[in-house]
Amino acid sequence: MKSVAVIGASLAGLYAARALRAEGFDGRLVIVGDEHHRPYDRPPLSKDFLTGTTGQDQLALADAEETAELDAEWLLGTRATGLDTAAGAVLLDHGRPLTADGVVLATGATPRRLPGPAPAGTHTLRTLDDARALRADLTRGPVRVVVIGAGFIGAEVASSCAALGHDVTVVEAAPLPLLPQLGDEMARICTALHADHGVTLLTGTGVAALHGAGADPRVTSVELSDGRRLPADVVVVGIGVRPHTDWLASSALPLDDGVVCDAGCVTALPNVVAVGDVARVAGVRAEHWTSATEQATVAARNLLAGRTVATHRALPYFWSDQYGVRIQFAGRRGPDDTPRILEGSPDDRSFLACYEREGRTTAVLALNRPRPFMRHRRDLARATQPATT
Amino acid sequence: MIPVCHLADLPAGESVRIDTAPPIAVFNADGQLYAIDDTCTHQDASLADGWLEGCLVECPLHAASFDLRTGAPTCLPARRAVRTHPVTVEDGMIYVHHVAEEGTAA
């Protein structure tokens, strides 16, 4: 393999490029990114970057020295528009098609938007530019913020807005946020963090419309599906993401909520692999930081081998920082698994819980208990599967 | 010289964070004591909460790993070393000898 194109210049793409070099690939390496920025870390965007305690320079995923070592050609501000598998080329929105022997798909995901018009002051949060625009709206004095969606991103944004002194209301269509991720009992505990910090949470109601005023309309209120109207100066829509696969629609690659891959991140074509939020690996599309980095190693090995010689089976892990509480979760929780508190107390917002099924631990959850969580996560990883091969 | 705790209160495999500025983590790695800056050089996480294995500590957040003897990162995502600080034990008490900024182990 003499050339590899990595499509996507965020965490998964950068880690794939690193892994290719680490595996000895010394050919032409081209990294295409639709944003103008060098790879940066997204998790702080909803947290410390929004509150202003972390600056843009601290988000960089690679320093100048490492970037030089990587010896890649960077096509930033360039969008991939198609994959011509017959010609072995990636089509770009400007410039000539990029031919490559191997392709890494790492185009991530795009925030879902509400139907209907979005007046100024309405935000989604995925990119650095998104976060800068939102931060600009949050640093002009106290405002009324309505966050739509009480998932992890929504909760983190609400927490950051509350920390900045804003009046915050969170609207969630489901009766209980985080239910699919954490189950009823633990979801209730985590969801209670909003009220602890003076943030109003309205559940079981969708959004009918965003209303604006002025010639260049700016948001003034959020109309809920039950008829209520919430005054709003800033609206943040955090209702999930969809994998960014539109550009692959006309390619021969099977797509199904992501690029369909085997357990080794290899697509239907042995010279095309997919990593990160865009990849549906062995039937699962994880939107986790850790998965993206782990998959990159496996995908690079398989791409260079020309077949699946390694698989990704690591234990899913994610974390969220909200209201000064670090929530950490690892494992594969079934819908009927029962949580059990091992130490600490939910009332103190500091505890460790494991989920159990037929006497076996399937997952572990911690609030502000990073050290025992680490130990249990390790034990769980050892007990449930061999390490990534 | 900063007192940490009694040696008996830091058994092998354990770690403790002291609230200096910046904070310092002290480890008992199989009987050998080490002190390093507590905050991971990659992102805000406490290495005292990390996973200790031999002379390496793994960051609890992103699995960056540091060598306690040198402070050097042994794998990504960390690229910069943490500072190391000398540790002594006197009369059963652990002390950290805080190294100033210019004395980095990097």
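Reader: Is strand β2 of chain A, residues 28–33, mostly covered or mostly open, and how many of its residues are buried?
Author: This is a predicted model, where local features need pLDDT of at least 70, side-chain atom pairs count only at pLDDT 80 or more, and totals for chains, interfaces and linings use all residues. Residues are numbered from 1 along each chain as its sequence is written, with chains lettered from A and ligands numbered from 1 in the order in which they are written. A strand here is a DSSP run of E with at least two residues, and a helix a run of H or I with at least four. Strand β2(A) is mostly covered, and its buried residues (20 or more other C-beta atoms within 10 Å of their own, placed from the backbone) come to 5 of 6.

Reader: Which strands pair with β2(A)?
Author: Pairing takes at least two DSSP bridges between two strands. With β3(A), residues 73–76, β2(A) has 4 bridges in the parallel sense, and A:V30 sits opposite A:E73 there.

Reader: What hand does the β-α-β unit with β1(A) and β2(A) have?
Author: The helix in this unit is α1, residues 11–22 of chain A. With the strands pointing away from you, a clockwise path from the first strand over the helix to the second counts as right-handed. By that test, the unit made by β1(A), α1 and β2(A) is right-handed.

Reader: Why is chain B called as compact as a globular protein of its length?
Author: The globule rule is 2.2 Å times the number of residues to the power 0.38, and the radius of gyration is taken over C-alpha atoms. For the 106 residues of chain B the rule gives 13 Å, so chain B counts as that compact because its own radius of gyration is close by, at 12 Å.

Reader: How many residues of chain A are in contact with chain B?
Author: Contact means C-beta atoms, placed from the backbone, within 7 Å of each other. Chain B brings 8 residues to this meeting, and the number from chain A is 8.

Notes:
A residue is buried if 20 or more other C-beta atoms lie within 10 Å of its own, exposed if 12 or fewer, and partly exposed in between; C-beta atoms are placed from the backbone. Two residues are in contact if their C-beta atoms, placed from the backbone, lie within 7 Å.
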